[in-house]
Amino acid sequence: MHNMGIVVESLDNAIAFFEEIGLKLEGRAMVGGEWAGQVTGLGNQSVEIAMMVTPDGHSRLELSRFLTPATISDHRTAPVNAFGYLRIMFTVDNIDELVSRLIRQGAELVGEIVQYKNLYRLCYIRGTEGLLIGLAEQLGNKTTTDILENS
């Protein structure tokens, strides 16, 4: 995967939120014109983007703020079982400490932090602008792949 895109109202708030999770700002730019609209199917557009990179440098999150055309729908508060892309999950080192920091910044824990077998501690939070974010703290060396291969 090269990147996942999320449309936001405030690029600055979204950058600060994802930096708190551990991503780094790789760059910021304006993207616009007919060529961009040919890719998205939106015609002539003007979009401010910020590219965030994961700590391992392998994946990116593209944050976009559309100036034109205006955004036409908002599914940020949809429940986790709604159709479409609703959440992205990040591996974190200390889920309790990170959740505490994010809550101080206004994020809300959706349910509770739970443990899946002896593999992960997991939770969902509603972060900046109501975005649904998953957090996973790996316990030990086994992964979900190890369990699936042995079932």
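Which element gives the largest share of the lining of the second largest pocket? Keep that one in mind; the tour gets there after a few other stops. One thing before you click: this is a predicted model.

**Stop 1: the whole chain**

Start with the protein chain in cartoon view. Trace the chain along the sequence and the pattern reads β-α-β-α-β-β-β-α-β-β-β-β-α. Taken along the principal axes, the C-alpha atoms fill a box of roughly 50 × 35 × 30 Å.

**Stop 2: a pair of helices**

Now select residues 11-21, which is helix H1, and residues 95-104, which is helix H3. Two packed helices are described by the angle between their axes and the distance between the axes. Here the axes come within 10 Å and cross at roughly 160 degrees. Angles over 145 count as roughly antiparallel, so H1 is roughly antiparallel to H3. The crossing of this pair is right-handed.

From H1, look for Phe-17, Glu-20 and Ile-21; from H3, show Leu-98, Arg-101 and Leu-102. Sorted by class, this contact between H1 and H3 has four nonpolar residues and two charged ones, with no polar residues.

**Stop 3: the largest pocket**

Next, select Ile-6, Val-7, Val-8, Phe-66 and His-75 and centre your view on them. Of the 36 residues that line the largest pocket, these five lie nearest its centre. About 980 Å³ of space lies in there.

If you colour by class instead, the lining shows 22 nonpolar, seven polar and seven charged residues.

**Stop 4: the second largest pocket**

Move on to Thr-54, Pro-55, Phe-90, Thr-91 and Val-92. They lie nearest the centre of the second largest pocket, which has 23 lining residues and holds about 510 Å³ of space. H1, S4, S5 and H3 are the elements that give two or more residues to this lining. And here's the reply to the opening question: S5 supplies the largest share, four residues. By class, the lining of the second largest pocket comes to 11 nonpolar, six polar and six charged residues.

**Stop 5**

Time to zoom in on the loops. Most residues other than glycine have a negative phi, and most peptide bonds are trans.

- Select Thr-68 and Pro-69: a cis peptide bond joins them, with omega at about -10 degrees. You'll find Pro-69 in the loop between S4 and S5.
- Go to Lys-117, in the loop between strand S7 (114-116) and strand S8 (120-126). Its phi is near 50 degrees, a positive value in a residue other than glycine.
- Then try Glu-129, in the loop between S8 and S9. Glu-129 is not a glycine either, yet has a positive phi of about 60 degrees.

**Stop 6: Met-30**

Finish in strand S2 (residues 24-33), which is where Met-30 lies. Which residues is Met-30 in contact with, leaving aside its neighbours within four places in sequence? Show Ser-46, Val-47, Glu-48 and Leu-67, and you have them.

Key. Residues are numbered from 1 along each chain as its sequence is written. This is a predicted model: local features need pLDDT of at least 70, side-chain atom pairs count only at pLDDT 80 or more; totals for chains, interfaces and linings use all residues. Side-chain values use heavy atoms; hydrogens and water are left out. Axes are lines fitted to C-alpha atoms, for helices over the stretch in contact, and angles run from 0 to 180 degrees between N-to-C directions. Angles under 35 degrees count as roughly parallel, over 145 as roughly antiparallel, 65 to 115 as roughly perpendicular and the rest as oblique. A crossing is left-handed if the near helix is turned anticlockwise from the far one by less than a right angle, and right-handed if clockwise. Contact means heavy atoms within 4.5 Å. Ala, Val, Leu, Ile, Met, Phe, Trp, Tyr, Cys and Pro count as nonpolar, Asp, Glu, Lys and Arg as charged, and the others, Gly among them, as polar. On a 1 Å grid over the protein atoms alone, a cavity is a set of points where a 1.4 Å probe fits but cannot get out, and a pocket is an open set with protein on both sides within 12 Å along at least five of seven lines; lining residues have an atom within 4 Å of a point. Grid points are joined across faces, edges and corners, and a volume is the space filled by probe spheres set on the points.
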